[in-house]
Amino acid sequence: MKIVDVVAAVIERDGLIMLAQRDNSRDQAGLWEFPGGKVEAEESQQDALSRELEEELAIRTRVVSFIAHSDLQLSDKVVRLYAWRVTILNGEPVCRCHSAVVWVMPEAAREYGLAPADIPLLEAYILSCRAAERP
């Protein structure tokens, strides 16, 4: 079975995280996701994520740390989605490939219709934030 590596950005700003809504031209149209994309050959996950965010949202970013991964089984392949904590270095998100973006408290992201592969990544992110708050 073919495995496709995909990266996703949990972009943080002032205690909020960004969600992007998939536009009507893509599969899972209308669902919310952590933006990102496929890792190309000979490309690190961090480089792929920075490239994708510049292409999709017109922002320059810094990839801070790995959060978790999830697998989505499709009929002909497995999509392995890797989530990374990211901050914006410069620019404001511009919807080049998405219908909308929102900034929400992490727990409030549960109220959005998330793409299935993003749900475990959100939960892992929330758990990592709670763990960081403990003394």
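## Helix H2 and the cores

In this predicted model, helix H2 buries Leu 121, Leu 122, Tyr 125 and Ile 126. These four cover an arc of only 140 degrees around the axis, so they lie on the same side of H2. An α-helix has 3.6 residues a turn, so residues three or four places apart point the same way. H2 has 15 residues. From first C-alpha to last it reaches 22 Å, close to the 21 Å expected at 1.5 Å a residue.

What do the buried residues of H2 pack against? Their partners are S1, S2, S5 and S6. Leu 121 shows this in detail. Beyond its neighbours within four places in sequence, Leu 121 is in contact with Ala 8, Phe 34, Ile 67, Ala 68, His 69, Ser 70, Leu 81 and Ala 83.

Leu 121 also belongs to the largest nonpolar core, which has 21 residues. Val 10, Ile 17, Leu 19, Phe 34, Leu 121 and Leu 122 have the most contacts inside it. Strands S1 (2-13), S2 (16-22), S5 (60-73) and S6 (77-90) each give two or more residues to this core, as does helix H2 (119-133). A second, separate core has 13 residues, including Met 18, Leu 53, Leu 57 and Ile 59.

Now the cysteines. The disulfide count is zero. A pair would need its sulfur atoms within 2.5 Å.

| Cysteine | Nearest cysteine sulfur |
|---|---|
| Cys 95 | Cys 97, 9.4 Å |
| Cys 97 | Cys 95, 9.4 Å |

Cys 95 is partly exposed, at 36% relative accessibility. Cys 97 is also partly exposed, at 27%.

Terms used
Residues are numbered from 1 along each chain as its sequence is written. This is a predicted model: local features need pLDDT of at least 70, side-chain atom pairs count only at pLDDT 80 or more; totals for chains, interfaces and linings use all residues. Side-chain values use heavy atoms; hydrogens and water are left out. A nonpolar core is a set of buried Ala, Val, Leu, Ile, Met, Phe, Trp, Tyr and Cys residues joined through side-chain atoms within 4.5 Å. Buried means under 20% relative accessible area, exposed over 50%, partly exposed in between (1.4 Å probe, protein chains only). Contact means heavy atoms within 4.5 Å. The expected span of a helix is 1.5 Å times one less than its number of residues. The arc is that of the directions from the helix axis to the C-beta atoms.
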